[in-house]
Amino acid sequence: MSCPRCDGGGTSEGAANRASVGVEPTDAATTWCLVGTPNVGKSSLINAIAGSQLQVGNWSGTTVEVASATTRIRGTRVTLVDLPGAYALAGTSSEEDVVLPALMAHPEALIVNVVDATHLARDLTLTLELTELGRPMVVALNLVEQAAERGVGLEPAVLEAALGVPVVALPDHRRHGAGRLVDASERARATPATIPYPEAIRDAAARLAPYVASRWHALATLSAEVTDAPAARAVAATERATLDAAGIDPFLAIAEARHRAAVELAGGATLERARRADPSERVDRWLLHPVLGPLALVAGLALTFHLTFAVSTPWIDFFGLVQEVAAGWVAAMTLPPLIASFLSGALIEGVGTVVSFVPVLFVLFVLLGFLENAGILARVAYLADGLMRAIGLPGRAVLPMVLSIGCTVPAIQATRMLEERGDRLRVALALPSISCSARLPVFVLMAAAFVPAYAAVVVTGLYVLGFAVAIASALLFRRVLRTPEGSGAMELPSYRWPPASLVLRLAWARTRAFLQSAGGPILLVVSVIWLLLEVTLPNGTSLFEAVARTLAPLFAPLGLGDWRIVGALIPAAVAKEVAIGSMALTFVGSGEATAPLGFLAGLGALGVGLLEAARDTLTSLWGFGGGGDEVDSVLTARLSGSLTTAGAMAFMVFLLLYVPCIATLAALRNAFGARWMAFSIVYQTTIAYLLAWGVYALWP
Amino acid sequence: MKPDLATGDSAHATAPATTPATTIAMPAASAAVQTGTPPACAPCCVVCPLSELGRGGCARVVSLAGAPRLQRRLMALGLRPSAELAVLGRAPGNGPLELRAGTVHLMLRACEARDVMVEVDDPSTLRMPVRQAPAEDAYVLPTV
């Protein structure tokens with residue numbers, strides 16, 4: 001729903017993201033739709049014109065991310081919409097499929113066609129298609145300097161004369177380019193290009209014209225690329241039959257004519273000096289080397305993982321401290337006990353949980369934005385594709401898989417770099433099975449308590465099991481869902497240093513979009529769990545205990561008949577490591593009671609915490625700090641009293657696989673809608689139950 | 001996947017370093033007439049799927065097959081009939097091919113490359129020697 005002026009397509013996915021973007025249209029408002037091939041620098045342009053207003057959200061009814069920004073240009077409110085990169089108007093991936101409907105949804109919008117000067121002939125094919133829509137448009141030539149470096153000089157004036165629409169060259173100093181673009185937008189014209197199509201094609205298109213919106217639509221209907229106009233379909237079928245009889249393949253003929261026209265246009269507007277090769281290819285001889293390449297990939301993935309979690313950890317700790325201090329202040333105030341409990345147990349706890357994802361997501365989005373815009377992600381896809389295809393996933397899925405060892409939430413956010421929705425969904429549904437760092441403390445505690453001699457083996461085994469289930473799920477979903485798979489035909493764009501402001505603004509916009517859509521659900525679940533613990537039934541037990549006792553018989557076949565064990569699984573839905581705290585409370589009778597800090601002491605602690613976080617961020621760049629968790633000996637002793645070893649194994653397997661934590665669910669809902677979130681809950685819980693039961697039954 | 005082509009290394013190992021460029025010079029007219037290829041084709045050319053090309057191979061696209069969506073994508077990326085391309089590399093583990101077609105630097109999965117028929121001027125750049133071709137019908141060899 002990034003498109004601020006679009007209300008259409010109210011599907012569940014769209015509805016889920018409605019909250020993420022909202023810009024009200026005003027009177028003197030206009031929209032510019034940025035269209036161009038992938039990696040052409042559309043987002044850099046939008047950043048240069050109105051970067052501080054950058055917002056991201058899903059296009060209505062889809063999972064395709066669209067960035068937009070609204071700014072005031074010479075007294076008019078202009079909304080810039082950055083449409084996904086596309087090589088042609090008739091899409092070849094679920095991202096590209098968004099472009100044409102988006103353009104048709106804004107009939108009044110100005111089309112700003114951003115063209116890559118280093119691939120002029122190819123990009124002009126899209127330009128020619130766009131002119132055939134018969135809409136006012138402007139062509140912006142980007143990467144002119146890079147083209148000059150490679151020995152290709154350009155003459156925008158010649159191109160403008162030939163095309164009949166304004167053409168501006170954007171210099172690398174993009175601020176000036178924006179001004180030129182604004183000047184050109186005032187001269188914007190609709191001039192359908194004259195493309196020498198074969199006579200028969202032109203006649204057939206003319207006969208189709210009354211049924212469709214533009215010449216482009218007539219040609220696309222003729223070549224069966226677009227089939228959404230029912231009236232035109234019958235006419236197109238007869239026209240196709242006539243052409244077939246004449247031995248003309250309309251698709252090939254149209255594509256060929258456009259290509260020739262584009263090559264001619266490009267040739268006319270290009271002053272070719274000695275053409276030099278792209279320097280990126282020289283780098284790729286090392287980075288894509290059959291032996292060095294995979295090594296570089298492993299090193300790069302490890303570095304990405306390290307940076308994502310090491311840089312964000314001090315800040316997560318700092319926000320934890322803020323939460324503690326705030327709870328202390330609430331405790332110090334003289335409030336009715338119920339309100340105080342709600343404030344610290346539900347509100348501060350819930351907001352703290354939401355906020356704790358900000359550092360990790362922001363760091364991840366900075367890294368992703370860099371990798372994407374620098375052209376590195378395409379190389380990751382190239383190197384990992386062979387291996388990942390073996391488990392039914394595209395090469396780019398390697399990054400979410402690796403990230404999910406740390407935390408599933410950023411991993412699910414990272415799936416948006418997969419081009420095809422089907423691939424994205426498959427990967428996102430498989431990810432929750434991979435053990436994240438929140439599950440590790442529980443495994444360590446339980447393994448140390450029940451199989452101290454084999455603790456390492458058991459914990460490793462759980463990680464292997466998680467990966468195995470994830471891979472099996474991915475293969476299963478490929479079979480069952482039958483969603484189209486993304487193509488492996490992808491450009492390896494030139495390496496480029498993306499502007500820092502773009503990467504940071506995009507990361508912040510993406511983080512904000514997650515908070516807006518995930519904050520509510522997380523708060524709700526935390527409040528419900530607080531309510532369960534808070535409400536005391538007439539017979540003296542808490543509601544939490546009653547619910548856990550009711551559920552316990554269900555888990556008896558898994559060897560988990562004790563209500564305290566089952567109970568630990570309920571609050572663990574917020575974050576799985578909470579299971580330990582819950583068991584500590586029910587088995588030992590006391591949580592980790594820390595003395596609340598006073599107002600001044602709290603402020604002091606915050607200041608020290610802030611400094612520590614800043615220092616740890618710097619030190620974390622070259623090494624992991626921090627030690628392991630201490631194992632609570634009283635708790636382990638009591639646990640072994642009420643669980644058998646087989647039951648403990650079943651508990652760990654169940655905790656590994658059951659309902660993804662609430663933040664993961666919110667991320668799934670954000671990306672795919674409530675239905676797939678519900679599916680994930682049912683799917684994971686079923687798998688968890690069956691496997692835990694199997695482990696309990698088979699444990700010697 | 002044909003078993004003979006499964007691993008890159010063995011295929012490379014079996015490819016002999018024979019057939020230097022000079023030995024494939026043949027009367028120009030015959031090849032062009034009999035294979036029905038455009039006259040631009042070198043005297044002797046082999047038509048085979050792009051997936052058969054090894055690193056360093058150069059070829060010209062003859063035709064595209066497969067799903068229409070993929071065909072459109074390939075055309076848009078510059079793999080259109082009569083376009084020249086070069087194989088810059090192949091990723092390990094039967095991974096994708098790294099190609100240059102015109103000004104475009106791109107990757108293409110081996111399974112998708114099977115849908116692209118190309119004509120190769122220098123058969124020594126094929127991963128499998130032509131004589132040991134697993135499927136006879138995959139090649140159109142000009143008869144002299």
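User: What makes the area between chain B and chain A count as buried?

Analyst: Buried area is the accessible area (1.4 Å probe) that two parts lose on being put together, summed over both; for chain B and chain A of this predicted model the value is about 3200 Å², of which carbon and sulfur atoms give 53%. R73(B), M107(B) and R109(B) supply 25% of the area that chain B buries against chain A, more than any other three residues. Residues are numbered from 1 along each chain as written, chains are lettered from A in the order in which they are written, and side-chain values use heavy atoms, with hydrogens and water left out.

User: Why is the pair R73(B) and E96(A) called a salt bridge?

Analyst: The term requires a side-chain nitrogen of Lys or Arg within 4 Å of a carboxyl oxygen of Asp or Glu. The closest N and O atoms of R73(B) and E96(A) are 3.3 Å apart, so the pair qualifies. Between chain B and chain A the count is 8 salt bridges.

User: How do you know that β10 of chain A pairs with β5(B)?

Analyst: Two strands pair if DSSP finds at least two bridges between them. M107(B) in β5(B) is the bridge partner of M490(A).

Methods. This is a predicted model: local features need pLDDT of at least 70, side-chain atom pairs count only at pLDDT 80 or more; totals for chains, interfaces and linings use all residues. Helices (H or I, at least four residues) and strands (E, at least two) are DSSP runs, numbered from the N terminus.
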